[in-house]
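Please look through the structure shown below. The text after it goes through the parts one after another.

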Amino acid sequence: MNIQLRYFASIREDLGLASEAFVTQACDAAGLLSELRARGGAYAQVLAEGRPVRVAINQVMARADTPLSEGAEVGLFPPVTGG
Amino acid sequence: MARVRIQTEDFDVGAELADLRAGDLRVGAVCSFVGTVRDTRAITGAAADEIRSMELEHYPGMTEKAIEAMIDEAHQRFDFYEARVIHRIGLLQPADQIVFVAVTSAHRGESFKACEFLMDYLKTQAPFWKKEQTPQGAQWVDARVSDDAALARWGIDANNA
């Protein structure tokens, strides 16, 4: 399915990219992260297992098993530090 | 006035508090919190701890939704009238105001609790990120486990830090 990826904070900086269209075979947030890691290069480093990466699907915080849907906006970012 | 505002401009706490309860004669308590930019050198005395400035980034759209949802959740838990959250973004200097949370209620207990709940929620669930300019260069601020623990007191798993 087609999704739109958006990157924020250190993840945006380390990838050198704020957003991109992506075609995924994954059905949930954890599956998408594995798929992105498998692209290698900066993706493998920035999204490496054990690094804290938070996922929002359609602008709502997601868990590992939160499902993806066609046309979803998926935000990837480090733990939040506002307030 | 909107319950949630994300803005680069500063805010006037007195004016916001007056506006929040204006004309509402049910109100007997107003509780507010203001978060400000610290210069950690002023605490430790070590030159290396200087915070020269702070840049705040957020996720436009999601931020507003997340904070609206947390105010709705607060209404489920506490008996208060109005709440307002203002969060600044962009470049800030030491001593600048960052965040404002205010709650009105009939009695103090509910507005104290709702105000603290909203701040605990915001720290770990609203998509903001701080980057500090230090003598060692620019550094993204790390999330704190203690902020997750603060939200856990309300029975919510922050899953952030």
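Which residues does B:L56 touch, not counting residues up to four places away in sequence? In this predicted model, the residues that B:L56 touches under that condition are B:R88, B:I89, B:G90, B:L92, B:F128 and B:K130. B:L56 itself belongs to strand β3 of chain B, which covers residues 53-58. Is B:L56 buried or exposed? A residue counts as buried if 20 or more other C-beta atoms lie within 10 Å of its own. B:L56 has 22 other C-beta atoms within 10 Å, so B:L56 is buried.

The next element to consider is a sheet in chain B. Four strands make up this open sheet, in the order β1-β4-β6-β2, and the pairing is mixed. At its edges are β1 (4-7) and β2 (29-36) of chain B, each of which pairs on one side only. Direction ignored, neighbouring strands of the sheet are turned by 10° against each other on average. Strand β2(B) runs antiparallel to strand β6 of chain B (residues 97-105), and 8 bridges join the two. Within this pair, B:C31 stands opposite B:V103 in β6(B).

Helices pack on this sheet. Helix α1 of chain B (residues 13-21) touches β2, β4 (83-88) and β6 of chain B, and its direction makes about 25° with that of β6(B). Helix α4(B) lies across β2, β4 and β6 of chain B as well, running at about 25° to β2(B).

Helix α4(B) also has a helical partner. Helix α5 of chain B (residues 145-152) packs against α4(B) at an angle of about 135°, and the two axes are 9 Å apart. Because of that angle, α4(B) is oblique to α5(B). The crossing in which α4(B) passes α5(B) is left-handed. Which residues of the two helices meet? From α4(B) come B:D120, B:Y121, B:K123 and B:T124, and from α5(B) come B:D147, B:D148, B:A150 and B:L151. By class, the residues of this contact are 3 nonpolar, 1 polar and 4 charged.

How many residues of chain B are in contact with chain A? There are 23 of them, and they meet 14 residues of chain A. On the chain B side, α3 (62-77), α4 (108-125) and β7 (128-134) each supply at least two residues. The largest share, 5 residues, comes from α4(B). The side of chain B that touches chain A is made up of 13 nonpolar, 6 polar and 4 charged residues.

Chain A has an open sheet of its own. Its 5 strands follow the order β2-β1-β5-β3-β4, with mixed pairing. Why is one side of β2 (19-23) and of β4 (60-61) of chain A left without a neighbour in the sheet? Both strands stand at the edges and each has a single partner strand, so there is no neighbour on one side of each. Strand β3 of chain A (residues 54-57) pairs with strand β5 of chain A (residues 73-77) in the antiparallel sense, over 4 bridges. In β5(A), A:V74 is the bridge partner of A:I57. Strands of a sheet pair in this way through backbone hydrogen bonds, either parallel or antiparallel.

Definitions and conventions
Residues are numbered from 1 along each chain as its sequence is written. Chains are lettered from A and ligands numbered from 1 in the order in which they are written. This is a predicted model: local features need pLDDT of at least 70, side-chain atom pairs count only at pLDDT 80 or more; totals for chains, interfaces and linings use all residues. Two residues are in contact if their C-beta atoms, placed from the backbone, lie within 7 Å. Ala, Val, Leu, Ile, Met, Phe, Trp, Tyr, Cys and Pro count as nonpolar, Asp, Glu, Lys and Arg as charged, and the others, Gly among them, as polar. Two strands pair if DSSP finds at least two bridges between them. A residue is buried if 20 or more other C-beta atoms lie within 10 Å of its own, exposed if 12 or fewer, and partly exposed in between; C-beta atoms are placed from the backbone. Axes are lines fitted to C-alpha atoms, for helices over the stretch in contact, and angles run from 0 to 180 degrees between N-to-C directions. Angles under 35 degrees count as roughly parallel, over 145 as roughly antiparallel, 65 to 115 as roughly perpendicular and the rest as oblique. A crossing is left-handed if the near helix is turned anticlockwise from the far one by less than a right angle, and right-handed if clockwise.
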